[in-house]
Structures are given as C-alpha cells and as structure tokens.
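Please read the points below alongside the displayed model. They are set out for a reader new to structural description.

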Amino acid sequence: MSDNDKPFNENDVIAKYKELESECKTFVSKITEIEQDLGEHRLVEDTLKPLDSKRRAFRLVGGVLVERTVGEVLPSVAGNRENLEGVVNNMRKILDQKQKELVAWKIKYNIKTAEEAEQIRQQQAAS
C-alpha cells in the first residue's frame, strides 16, 4: 500500500490539509515577493535603456556598491529579470499543482472550512 492508499484518521487528514494550505500560502507569498523584485528590475531596465552606454552606473553586488557603466549593467539587469520571470512561471505551475492537490484532498475527505460550513447552515436555515 502506498502512502496515498493508507487509511487516515481524522487528525491526519486535517494535518495534511493544513500542511497543503500552508504550502499554498507560502508559494503565494514567495511569488508576490519575487514579482516585486521583478517590477524593480523592469523599472531599472526602463530607466537605463535610454541612457548612454558609457555613462556611469552604480550597482549593489553582494552588499557592495560597485561602479560600472550602463552598458555593463543593463545586460545583467535584463538577464536577472528574465531569470526572475522564469522562476515566477515555475512557481505558479507548482502553486497550481498544490492548489489542485488541496482541492482534491478537500473533496476526497469532504473537508469544509468554517466559512463554508456557516454558509451551508445559513442555506439550510433559510429553506
């Protein structure tokens, strides 16, 4: 029997659900953080594009401010932005998988959040 086929007691089901929910929240938080970095990279890139490539530019590298030229900094900023876009896309795919797993877990074990349970009670009381 694999882990997915083993019968779970109620506490194990709830713990697994909470774990999946926590993972989803963590992914959303991390994606938001990276998207902010991505926005900053776009802003820097848009600011540097119209400038002369020989103009001085300063860049923070490992906590040290270094002097470079716009021509040296712009390609690395663009490369970092592309990498961040790739990371965000991969994280979104993983988040979608986790959310599908969470929904499947909810359906399989008939899990209701407090809000969902309250809505059901209100609908039953209204009818």
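1. Basis. This is a predicted model, in which local features need pLDDT of at least 70 and side-chain atom pairs count only at pLDDT 80 or more, whereas totals for chains, interfaces and linings use all residues. Residues are numbered from 1 along each chain as its sequence is written, and side-chain values use heavy atoms, with hydrogens and water left out.

2. Helices. Helix α1 covers residues 10-48 and helix α2 residues 70-108; helices are DSSP runs of H or I of at least four residues, and strands are runs of E of at least two, numbered from the N terminus. The axes of α1 and α2 come within 8 Å and cross at roughly 160°; axes are lines fitted to C-alpha atoms, for helices over the stretch in contact, and angles run from 0 to 180 degrees between N-to-C directions. That angle makes α1 roughly antiparallel to α2 (a term for angles over 145 degrees).

3. β1 (56-61) and β2 (residues 64-69) pair in the antiparallel sense over 6 bridges; pairing requires at least two bridges found by DSSP. Arg56 stands opposite Thr69 in β2. The hairpin has 2 residues between its strands, and Gly62 takes a positive phi near 60°.

4. Pocket. Which elements each supply at least two residues of the lining of the largest pocket? They are α1, β1 and α2. Among the lining residues are Glu40, Phe58 and Val77. A pocket is an open set of points on a 1 Å grid over the protein atoms alone, where a 1.4 Å probe fits, with protein on both sides within 12 Å along at least five of seven lines; lining residues have an atom within 4 Å of a point.

Conventions: Angles under 35 degrees count as roughly parallel, over 145 as roughly antiparallel, 65 to 115 as roughly perpendicular and the rest as oblique.
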